[in-house]
Amino acid sequence: MGKVYSAHNIAAYFIYELNETNTFVNAKALQFLLSKVKEQWEKEFGYNPFKEQSFSLTHNGFVVKEVFDAYKENGDAAIVEPAKEWFLQYGDFQLILRPYAIPSFTFEEQQLVQKVLEQYRNTIMKKAS
């Protein structure tokens, strides 16, 4: 089995990438993107990409509950930066609140995630026109 990532980190990647191209992303869109990544990842690599437990988007309204909870306060508003996590570096005595980091994908994983993002952008463009 290959690498498994925190869904928070994958969500952060989506938020940074989509904001960089001025593409709208909210909490619902983020769950949709996580569902597509999970679907494609399982098809391509044969396992779930998330460390967290995942659910059916159609039955539960979310794919990863922890990510859903982190962004539900945004409602339908655009997300401009990833949720924050507490971080304590070894040897430090101060907790730092910082945005979730983006994962270090392999080349194949990066291609898969970019493909999902491209499909999402195309869907948005079709709805807009």
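Reply: What follows goes from the basis of the values to the glycine and then to the protein around it.

This is a predicted model, in which local features need pLDDT of at least 70 and side-chain atom pairs count only at pLDDT 80 or more, while totals for chains, interfaces and linings use all residues. Residues are numbered from 1 along each chain as its sequence is written, and side-chain values use heavy atoms, with hydrogens and water left out.

Gly61 lies in the loop between helix H3 (57-60) and helix H4 (65-71), where helices (H or I, at least four residues) and strands (E, at least two) are DSSP runs numbered from the N terminus. With a relative accessible area of 41%, Gly61 is partly exposed, a class that falls between buried (under 20%) and exposed (over 50%), for a 1.4 Å probe and protein chains only. Leaving aside residues up to four places away in sequence, Gly61 touches Ser56 and Phe68, a contact meaning heavy atoms within 4.5 Å. Phe32 is 29 residues from Gly61 in sequence, and their C-alpha atoms are 9.4 Å apart in space.

As for the whole, the protein has five helices and two strands, which run α-α-α-α-β-β-α from the N terminus on. Of its 129 residues, 39% count as buried, and among contacts between residues at least 6 apart in sequence, 66% join residues at least 24 apart. The C-alpha atoms fill a box of roughly 50 × 35 × 30 Å, taken along the principal axes.
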